[in-house]
Amino acid sequence: MARQIRDGTLQSGMKQAIVARADLGMGEGKLAAQVAHASLMAYENADRRDKSEWKGSGQKKVVLQADGESQLFELADKAEREGLAHAVVRDAGHTQLEPGTASALAVGPAPDDLVDRVTGDLSLY
């Protein structure tokens, strides 16, 4: 599905990338919760147009892995520089993680190629 021109290029598709820390050894349920938190937080930070287009196109998401906290924050800084909606999840510490642990980052929703500028080199979780 072609998209209108943005930043001088024709865009196709919208997505959100959620990056979770693989080094924390989170259980499956914990991982799912952190990914969900990140997705919703970044969605709330997106502009109205991106929210609407993403919702209308199936809310595509991809879950990727980061090596550790420093990589998560490097990616968040890159998303900030690109002007993309993003959010870092810091765990409350009620179950598996220490309070304040940065566990996940979501980037987007935004055009696929813009999200890929930040997360395109990462492996699937």
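Modeller: Two strands count as paired if DSSP finds at least two bridges between them. Please keep in mind that this is a predicted model.

Biologist: Fine, so in what order do the four strands of the open sheet come?

Modeller: The order is β4-β3-β6-β5, and the pairing in this open sheet is mixed. The edges are taken by β4 (61-66) and β5 (86-90), each of which has a single partner strand, so one side of each is left without a neighbour in the sheet. On average, and with direction ignored, neighbouring strands of the sheet are turned by 20 degrees against each other.

Biologist: Which way do β3 and β6 run, parallel or antiparallel?

Modeller: They run antiparallel, with six bridges joining β3 (residues 14-21) to β6 (residues 102-111). Within that pairing, I18 has A106 of β6 as its bridge partner, and K15 has A110 of β6.

Biologist: And β3 with β4, parallel or antiparallel?

Modeller: That pair is parallel, again with six bridges, and the bridge partner of A17 in β4 is V62.

Biologist: How many bridges join β5 to β6?

Modeller: Five bridges join them, and the two strands run antiparallel; V89, for instance, has its bridge partner in β6 at A104.

Biologist: Which helix packs on this sheet?

Modeller: Helix α4 (residues 112-119) does, touching β3, β4 and β6, and its direction makes about 150 degrees with that of β6.

Biologist: How many residues of β3 are buried?

Modeller: Eight of the eight are buried, so β3 is largely enclosed by the rest of the structure. In a regular strand the side chains alternate between the two faces of the sheet. In β3, M14, Q16, I18 and A20 point one way while K15, A17, V19 and R21 point the other way, and all of them are buried. For β6 the count is 10 of the 10 residues buried, so that strand is also largely enclosed by the rest of the structure.

Biologist: What does the side chain of R21 make a polar contact with?

Modeller: The side chain of R21, a residue of strand β3, makes a polar contact with the side chain of D23 at 2.7 Å. R21 has a relative accessible area of 8%, which is under the 20% limit, so it counts as buried. Leaving aside residues up to four places away in sequence, R21 touches a list of residues that includes M26, A66, E69, L72 and Y125.

Biologist: Let me change topic to the aromatics. How many aromatic pairs does the count come to?

Modeller: The count comes to one aromatic pair. It is formed by Y43 and W54, whose ring centres are 5.8 Å apart and whose planes stand at 40 degrees, so the pair is tilted.

Biologist: Which helices do Y43 and W54 lie in?

Modeller: Y43 lies in α1 (residues 28-45) and W54 in α2 (residues 48-56), so the pair ties together parts that are 11 residues apart in sequence. W54 is buried, at 3% relative accessible area. The face of Y43 has K51 lying over it, at 5.2 Å from the ring centre.

Biologist: Last topic, the backbone. Which residues does a cis peptide bond join?

Modeller: The cis bond joins G108 and P109, with omega at about 20 degrees, and P109 is found in strand β6.

Biologist: And what is phi of Q59 near?

Modeller: Phi is near 55 degrees there, a positive value in a residue other than glycine. Q59 is found in the loop between α2 and β4 and is partly exposed, with a relative accessible area of 32%.

Key
Residues are numbered from 1 along each chain as its sequence is written. This is a predicted model: local features need pLDDT of at least 70, side-chain atom pairs count only at pLDDT 80 or more; totals for chains, interfaces and linings use all residues. Side-chain values use heavy atoms; hydrogens and water are left out. Rings of Phe, Tyr and Trp (its six-membered ring) pair if their centres lie within 6.5 Å; planes under 30 degrees apart count as stacked, over 60 as edge-to-face and the rest as tilted. Buried means under 20% relative accessible area, exposed over 50%, partly exposed in between (1.4 Å probe, protein chains only). A charge sits over a ring if NZ of Lys or CZ of Arg is within 6 Å of the ring centre and within 35 degrees of the ring normal. Axes are lines fitted to C-alpha atoms, for helices over the stretch in contact, and angles run from 0 to 180 degrees between N-to-C directions. Contact means heavy atoms within 4.5 Å. A polar contact is a pair of N or O atoms within 3.5 Å; within protein, one must be able to donate a hydrogen and the other to accept it, and residues adjacent in sequence count only if both atoms are side-chain atoms.
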